[in-house]
Amino acid sequence: MMVGTLMFTYALYYLGRVNISVVLPALALDLGVSRAEVGALGTIFFWIYGIFHLISGEIGSHVSPFRLVSLGLLASAIVNLVFAFQSSLMVMLILWGLNGVAQSGGWSPMFRILAERLDRRHIKRVSTIMPFSYVMGTAITWVLIGAAATGENWRIAFWLPGIILLLVLVFWRAAGIDAPKSKSDGIRLSTMIGEARGIAFVMLAAALSGYVFNGTIIWLPSYILDTGLIADGMVGAVAALTQVVAILGLLLARALVVRSNQVFVTTVQMFLAAGVAFFLLSMSSGLFSIVVVAFALLALNGAFGLTVSSMPLLLAPAGRASSTTGSVNMMSTFFGGMAGFSIGGLVEFSGWSAVFSLWGALLLLACLLIWRNRHEEDRRDGA
C-alpha cells in the first residue's frame, strides 16, 4: 500500500508538468512565436527543476519527506492555475520556472521513504517498480489533455491539472506516509561533494539519457503531429499509447533485473537497444516510423528508469537516499532541459532525422559509461 500510494501520487504529479507538451504548437501559434522560442518553456522548467532537485534531495535527507511532497503539490497546482490566464511568454517562463521548483519536491523525498522503510533486500525489486509512476502519469496526462485541449483551447491544459493536483494533495495528506525522523548532523558541503565523486559516472549517464528522455517528453507529440499520419485531435491519445508501450520496457527491465539481479548490465543492454532504434528511426518514415518510435521508447524507458531509480538507491550511503537520488536526477533534468530549445531549433533547421541521430549517439555513450563501471554494483552488494 505504501509503494502504491507513492506511485499514484507521483504519477499525478505529472499532470502539472507534461501537460505543456501536448499544447506547445497551439501555444506557439497563439503567442505568435516560433517552436524554438516556446520550447524555452521546457528548458527553463527542466533547468530549474534540475537545480532544485539537488536542493530538495539534500533537504529531503534532513526534514520530513511528507511535508516536502505536500508543499510541492500545492505550489504546482497554484502555478498551473495562474498559468492558464497568461498571454505573455515572459510571464509564462517565470511561472513555469516556479513550477520546476514545486515539482522538485516529489521524487527524491519519496525515495528516502522507500530506502528507510523497506528492507534493503527488497530495494532492487521495488526500485524497478517506481518508474511506472511517471510513465503512467505521462500517458494519463497526454490522453486527458489531448482530448480536452483541442484547437485554440489550450488554457484548459493548465487549469484542469491545477484542480486535480489540489485533490491529489488532499489524498496525500490523508495517507500520511513519511520516513522516520532524520538523525543527520545537518547539511555539509563536503559530504555532498564526496557522494558526487562516487557516483559521477551515473550522473553523467543520467545527463546524456535525460537529454533524450526529456526530449521525447517535450517534443514527441509534435513529431507525431508533423508526420501527418494522425488527426490533430488524436495526437494526445497516440502519444499516450507510446507511453503505454513504454510500460513494456519497464516490465522487461524489471524482469531482467529480477532474473539476473544485475541492474547495471540490464541498463547497458536496454540503452544499446534504444540507441540503435533511434539511428534506425533517422532513416524511417510512414507508419513504420511510429513502430520504431514505440520500440525506442520501450528500451529507453526501461534503461532510464533503472538509471534514475535503482542506481541511486544501490549507490546511496545509509540515510542519504534522498540526496543521492536528487543528484542523479538533477543531472538528468538539467541537461534534459536543453532539449526544450535545442530540439526545437534542430527540427526547424535540420529535420527530425538529425534529432534521432543525435539521440542515438548520446544513448550509446551512456551505455559505454555504465558498462565500464558495471562491477561497482557487485562491490556495493558485497559491502
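Trainee: Which side chain does E116 meet in a salt bridge?
Mentor: E116 meets the side chain of R112, at 3.2 Å from N to O, where a salt bridge is a side-chain nitrogen of Lys or Arg within 4 Å of a carboxyl oxygen of Asp or Glu. This is a predicted model, so local features need pLDDT of at least 70 and side-chain atom pairs count only at pLDDT 80 or more, while totals for chains, interfaces and linings use all residues. Residues are numbered from 1 along each chain as its sequence is written, and side-chain values use heavy atoms, with hydrogens and water left out.

Trainee: How far apart in helix α8 are E116 and R112?
Mentor: They are four residues apart in helix α8 (residues 107–117), and therefore separated by about one helical turn; helices are DSSP runs of H or I with at least four residues, strands are runs of E with at least two, and both are numbered from the N terminus.

Trainee: And R112, buried or exposed?
Mentor: R112 is buried, with a relative accessible area of 2%, whereas E116 is partly exposed at 30%. Buried means under 20% relative accessible area, exposed over 50%, and partly exposed in between, with a 1.4 Å probe and protein chains only.

Trainee: How many salt bridges does a search of the whole structure find?
Mentor: The search finds one.

Trainee: Changing topic, what does the secondary structure come to?
Mentor: The protein chain has 20 helices and zero strands. Its radius of gyration is 19 Å, close to the 21 Å that the globule rule gives for 383 residues, so the chain is as compact as a globular protein of that length; the radius is taken over C-alpha atoms, and the rule is 2.2 Å times the number of residues to the power 0.38.

Trainee: What about the largest nonpolar core?
Mentor: That core has 121 residues, and F278 and L300 are among those with the most contacts inside it. Such a core is a set of buried Ala, Val, Leu, Ile, Met, Phe, Trp, Tyr and Cys residues joined through side-chain atoms within 4.5 Å.

Trainee: Which helix gives the largest share of this core?
Mentor: Helix α13 (residues 200–227) does, with 16 residues.

Trainee: And what is F278 in contact with?
Mentor: Leaving aside neighbours within four places in sequence, the contacts of F278 include V212, T216, A296, L300 and W359, contact meaning heavy atoms within 4.5 Å.
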